[in-house]
Amino acid sequence: MAADEIATVYFLDVGQGTSQVIAFADGSLVIIDCGASADALVMLLKTISFSRIRAVVFSHWHDDHVNGTPAVIANFGSRIDAFHLPQDQPAVDIKANLIYRQIVKLKDKRKNTLVLDRLEFRNSDHGRIYGATSSSDGPVLSVLYPDYEQSIEAQSQGDSNQGSGVLILEHGKGRILFPGDAGKKAFKALIQRLGNGPITCNILAAPHHSGKLNKGAIDVRGYRNCYHWLYQDVVQPDYVIVSAGTDNTYDHPKRDHLLEAVSVGATVVCTQMTPQCHTDVKSVKPSLLPLIHHPAECGLNSGVGCGGTIVAVLNSAGVKIERLGEHQRKVNALATSQSPLCRSSLSTSSVV
């Protein structure tokens, strides 16, 4: 593959959930998570041209990441080459999962031409899902976390988010990090293994929809909070893309999460607007222009689009988010009367 060939990444607006589609220059796709609903995902796949779905990857088994899978199977099952599945819970629970059973049924129907593989980092090939041995030769998608031992450890922690897969897409100077719902323990283990300081990237898909990074207290000794630690010591992104739904009941995105991202100079773009950013969020639905008019949940149901489905183009020079300037001007105008979190700043710089 020539050095100037690219990949296009769709950060789909699926409401409260996560789904990303990577379209490679050779005509193949990789899908990372399928959202709670696959309405926008299926519509996108019917809109764009592609030859094969090289892989469907689950970061973890939570409903808002996998429940859209049956619709993808129903519409495109014959064009899927592989599923990469996490083992973040006991095998007996995975075998009882209705979606896992549908995947196995598809494998049987395909007479074993469909590959099922465990999602994990391997020292032999670095968990490579797509690409050559070097990102200088073309786009490479690989797994950074977890390895086998970390998958087993995550099962014993009572917080399956800590076993969520962390993937990276690289091409030349371009890097996009997909951490699913990875939490504090997952990031700590990842950094300890890499041993070379914060991961720099062009785009970070905000972990856990910019929500909590662990179930308990989020304070980290020596830092304002867990998010301060995340953006100081773990990852240094140019852009943070948040996949969250207008009507979510988890207060996503968390204020402290976005404030810490903004404090290090990252530009934040959310798929949907939430009450954390506007006192009457439903009133702005007609006025905010999603970045790209691709299928998005905000156009199908009650969600209020902010970025909508966000499209990024990766090439050897880096990453470009399409129509970003237009979107940013819209948010700047909104900030004159409201308080979008992506336009807020830290009230204190003290370290606790």
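The largest pocket in this predicted model has a volume of about 360 Å³. Of the 20 residues that line this pocket, N161, D181, H208, Y250 and H252 are the closest to its centre.

**Largest pocket**
- Sorted by class, the lining of the largest pocket comprises ten polar, six charged and four nonpolar residues.
- Rolling a probe the size of a water molecule over the atoms shows where empty space is left.

**Surroundings of S37**
- S37 is placed in the loop that runs between β3 (28-32) and α1 (39-47), and the side chain of S37 reaches the backbone nitrogen of D39 at a distance of 3.3 Å.
- Because its relative accessibility is 31%, which falls between the 20% and 50% limits, S37 counts as partly exposed.
- When its neighbours within four places in sequence are left aside, S37 is in contact with V14 and G68.
- Although S37 and D64 are 27 residues apart along the chain, their C-alpha atoms are separated by 7.7 Å.

**Confidence of the prediction**
- The protein has a mean pLDDT of 90, with 94% of its residues reaching 70 or more.
- Over residues 347-352 pLDDT stays under 50, and for this stretch the model has ten contacts beyond four places in sequence.
- Where pLDDT is low, the predicted coordinates should not be read in detail.

Technical notes. Residues numbered from 1 in each chain as written. Predicted model: local features only at pLDDT ≥ 70, side-chain atom pairs only at ≥ 80, totals over all residues. Heavy atoms only, no water. 1 Å grid on protein atoms, 1.4 Å probe; cavity = no way out; pocket = protein on both sides within 12 Å on 5 of 7 lines; lining within 4 Å. Points joined across faces, edges and corners; volume = space filled by probe spheres on them. Nonpolar A, V, L, I, M, F, W, Y, C, P; charged D, E, K, R; others polar. Helix = DSSP H or I, 4+ residues; strand = E, 2+ residues; numbered from the N terminus. Buried < 20%, exposed > 50% of the residue type's maximum accessible area, 1.4 Å probe, protein only. Contact = heavy atoms within 4.5 Å. Polar contact = N/O pair within 3.5 Å; in protein donor to acceptor, adjacent residues only side chain to side chain. pLDDT = per-residue confidence, 0-100.
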